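User: I've got a model open and would like to talk it through. Can you take a few questions on it?

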Amino acid sequence: MLLLTVLLVLPLPRLQAQAHPGCTVTPVALAQMRGCYRPLLVFAPTAADRRLAAQRQALDEAADDMMDRNLLLVPITDSTKGFDAPLDAPYALFPAAEQAAARARFDVSPGRFLVLLLGEDGGVKLRSSSPVSVDRLNALIDSMPTRKREMQRAHAN
């Protein structure tokens, strides 16, 4: 009984969905996500940007949907300092060099807000200059051939 009480009182680590065995649980670069996750890159001028906060909140309210679809929120800002991390939604924070590489790869200037959904193949599947609804993300991801195969597997998420 004491053990059960202790287990209920101890804080739990942040849950993170692991897409497939062999995938990095906490990726810190886009290369680590390829074939494993669908990154949702949210470029924002600052970590306190209201549009970034709105996107984070929408995803946090649909954390189960995100985990089912191997979707990871990746904020790309001038600094992750002050980023209000989601409570439940899976996310990844990249070091400054990887954020700069993402800005260069997708040609996004530091003062611009942009949401990019990448597929597991690394290709851009959606580009939006405003936060994207969870329903739109789910519908788009569910239409992808890799997601259709995932849903047909036994014990699929």
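Here are some questions and answers on this predicted model.

User: What pattern does the chain follow along the sequence?
Analyst: Count the elements and you get seven helices and four strands. Read in sequence order, they run α-α-β-α-α-β-α-β-β-α-α.

User: Which element gives the most to the largest nonpolar core?
Analyst: That core has 23 residues, and Leu40, Leu73 and Leu137 are among those touching the most other members. Elements giving it two or more residues include strand S1 (38-43), helix H3 (50-60) and strand S2 (71-76). The top contributor, with three residues, is H6.

User: How much of an arc do the buried residues of helix H6 cover around the axis?
Analyst: The buried residues of H6 (134-142) are Val134, Leu137, Asn138 and Ile141. They sit on the same side of H6 because the arc they cover around the axis is only 95°.

User: Which proline residues is Leu73 in contact with, leaving aside neighbours within four places in sequence?
Analyst: Leu73 touches Leu40, Val42 and Leu59, among others. Its contacts also include Phe83, Tyr91 and Ala92.

Terms used
Residues are numbered from 1 along each chain as its sequence is written. This is a predicted model: local features need pLDDT of at least 70, side-chain atom pairs count only at pLDDT 80 or more; totals for chains, interfaces and linings use all residues. Side-chain values use heavy atoms; hydrogens and water are left out. Buried means under 20% relative accessible area, exposed over 50%, partly exposed in between (1.4 Å probe, protein chains only). The arc is that of the directions from the helix axis to the C-beta atoms. A nonpolar core is a set of buried Ala, Val, Leu, Ile, Met, Phe, Trp, Tyr and Cys residues joined through side-chain atoms within 4.5 Å. Contact means heavy atoms within 4.5 Å.
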